[in-house]
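Here is a short report to read alongside the model.

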Amino acid sequence: MKSRYCPHCGKAKKACICQWITPVSNDVPVIVLQHPDEVSQPLGTARILNLSLEHCHLLVGENFSENLELRTLLGKPDIDWHLLYPADHATPAGELQNTEGRKTGLILIDGTWRKAYKMFQLSTSLHPLPCISLSGIAPSNYRIRKSPKAEGLSTVEAACLALGELSGKPQDYYPMLETFNKMIDFQISQMPSGVYERHYGKQAR
Ligand SMILES: [Zn+2]
């Protein structure tokens, strides 16, 4: 039987996002820890990161304490991994100082706020990692009102902001926001007339 889903992006074939993907070379390597519920979300954005970024690992699970792949990645000797997570002691990403000869790596949790919180609590291997937060969020640049995620930024938007702040080259990551916008535009175009306005307001479209 032929699958309804694209084997590359995991979206339904008619909603395939592969045509909009632009390769992005990133100095800051990325690990995305994805909650299993996010894997088949039509509006999930972690796949955009995984498909666009040259250096990106997408791991699916809830409790990563014993995850061998994560352990191997965290064990790389030349990378200082940082978790994008709103902990009390988080450092704004833009203020992070690079240690000479070492790379900064970015870890993101892909899940609703409630699930991300649980994943962090369960995954003790993440607890020793330094946390970073986003410094300057510019909502007008990111069409948040078009984002159907009630929690605010989607994973790809948060990643683009963090990568931009960490690398000092935000424009390098704009192609991924373009992909995101095209995906959202497509999804909106598939909604029956009036549904989008009822949920997200008239001006947003
Ligand atoms: Zn695809």
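The report below moves from the overall fold to the aromatic rings.

## About the model

This is a predicted model, in which local features need pLDDT of at least 70, side-chain atom pairs count only at pLDDT 80 or more, and totals for chains, interfaces and linings use all residues. Residues are numbered from 1 along each chain as its sequence is written, and side-chain values use heavy atoms, with hydrogens and water left out.

## Fold and surface

The protein chain has 7 helices and 6 strands, taken as DSSP runs (helices: H or I, at least four residues; strands: E, at least two) and numbered from the N terminus. Starting at that end, their order is β-α-β-α-β-β-β-α-β-α-α-α-α.

Of the 205 residues, 42% are buried (under 20% relative accessible area; exposed is over 50%, partly exposed in between; 1.4 Å probe, protein chains only). Among contacts (heavy atoms within 4.5 Å) with a separation of 6 or more, 75% join residues 24 or more positions apart. The chain exposes about 11000 Å², with 52% supplied by carbon and sulfur atoms; areas come from the Shrake-Rupley method with a 1.4 Å probe.

## Aromatic rings

There are 4 aromatic pairs. Rings of Phe, Tyr and Trp (its six-membered ring) pair if their centres lie within 6.5 Å; planes under 30 degrees apart are stacked, over 60 edge-to-face, and the rest tilted. Ring pairs link Y85, W113, Y117 and F120 into a cluster.

Why are W113 and Y117 separated by about one helical turn? Because they are 4 residues apart in helix α3 (residues 113-122). W113 is partly exposed at 47% relative accessibility, and Y117 is partly exposed at 43%.
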